[in-house]
Amino acid sequence: SRHARRTAAGVAVSLPRSAYVHVPFCRHRCGYCDFTLVAGRDDLIDRYVEALRLELRRVEQPLEIDTLYLGGGTPSHLGPDRLRRLFALLQTRLLLTAAAEVTLEANPLDVTPQLAAAAADGGVTRVSLGSQSLDATTLRALDRDHTPDDVRRAVAVLAAAGFDISIDVMTAAPGQTLADVEQDLDAAIALEPPHVSVYCLTWEKGTAFESQRQRGLLRPVDEPLERAMFEAAIERLTAAGYEHYEVSNFARPGHRCRHNEAYWDVRPWEAFGPGAARFDGRTRVTNHRSTTTWIKRLLAGEDPAGDVDAMSVEEAARERLVVGLRRRDGVLDTDFQAACGFTPRQLAAEAIDRWIAAGLATERDGRLRLSGEGLLVSDSLWGEVL
């Protein structure tokens, strides 16, 4: 049917209503970044588009979707003309519903009225702006290549074009103080974006920042200060009328990211591009992370997948519990059991009891949710579930 297909075993599986497309190109790789991307390799763009055309053939019949997300890398780095070409290609296989949410990630330096027009023509409704900070010193500390004025200018252009705007704010940058974060948050709120994502800097293996940390050239923010920074984000954004609906995400009423909610609801989704991971409700297939290897495999008629994670029923349920608890709404026992066949307590009763005793979670009227305290340390809890 239009909304489901059957596996070889005859099991009905819902067709994805969401799709992710990874655009791996950047002008510059920031020192903290371990994402799948290539910097300074615009010579690969035409081959990338051809490889993407071949990968899209996997969708035998055009797929009707409610959310489309172009992430990266920096999709806006393609520029207006190539962005139009990309959308023309995607529309041969991905059919947007009338009310579809289409998100484009953008670097403030790329945003021009011409780019905004190309994005709008492609169906983009929402732009996620990689601003990270509105403080020049913090931007330099994060190895970013734009200025606070670039962010303000980009927001003005996008707002004039009618897009829903999300801006990123990063905390725990090297040398950053609590006062710096508070000023950054106030500056972000002053721009009146409908959505704000707040991320704490993480020190990933293989990045320039981690190498400098090991050599004593950079020092992470102390954990108590890192925590105070995130508490300040929650306090300031909620006081300004933003709903804290997921660990890192804040939205004005009616402006949650619908695409991310598809992930958190563990609905099936399609994904294309190097390092992109698609999910059918049980199995996650991740493409090879190397952009050049992904291109070569597709142009040679080979499978671009690099990793296949086929979860058991219980493993899938445990993952559902983790992503459900990242949301402020938590998980409702009846809905959770209907979706996966388990209750949260069947999966993690001892952990849940410990969390409640420590004030990290509450359990009322059949709903389990993390407390504000629990959200602050949530990443340390998931090992007890997975």
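Visitor: Is Phe279 buried or exposed, and what is its relative accessible area?
Guide: Happy to start there, keeping in mind that this is a predicted model. A residue counts as buried when its relative accessible area is under 20%. Phe279 is therefore buried, its relative accessible area being 3%.

Visitor: How many aromatic pairs does the structure hold?
Guide: Ring centres must lie within 6.5 Å for a pair to count. By that criterion, the number of aromatic pairs in the structure is eight.

Visitor: What kind of aromatic pair do Tyr245 and Trp264 form?
Guide: Their ring centres are 5.8 Å apart, with 65 degrees between the planes. Planes over 60 degrees apart fall in one named class, so Tyr245 and Trp264 are edge-to-face.

Visitor: Which parts does the pair of Tyr245 and Trp264 tie together?
Guide: Both partners are buried, Tyr245 with a relative accessible area of 2% and Trp264 at 11%. They sit 19 residues apart in sequence.

Visitor: How are the rings of Trp269 and Phe279 arranged?
Guide: Trp269 lies in the loop between α9 and β13, while Phe279 lies in strand β14. Their ring centres are 5.0 Å apart and the planes make 35 degrees.

Visitor: Which ring does the charged end of Arg252 sit over?
Guide: For Arg, the atom to check is CZ, which has to be within 6 Å of the ring centre. Here the charged end lies 4.1 Å from the centre, and the ring belongs to Tyr242.

Methods. Residues numbered from 1 in each chain as written. Predicted model: local features only at pLDDT ≥ 70, side-chain atom pairs only at ≥ 80, totals over all residues. Heavy atoms only, no water. Phe/Tyr/Trp six-rings, centres within 6.5 Å; stacked < 30°, edge-to-face > 60°. Helix = DSSP H or I, 4+ residues; strand = E, 2+ residues; numbered from the N terminus. Buried < 20%, exposed > 50% of the residue type's maximum accessible area, 1.4 Å probe, protein only. Lys NZ or Arg CZ within 6 Å of the ring centre and 35° of its normal.
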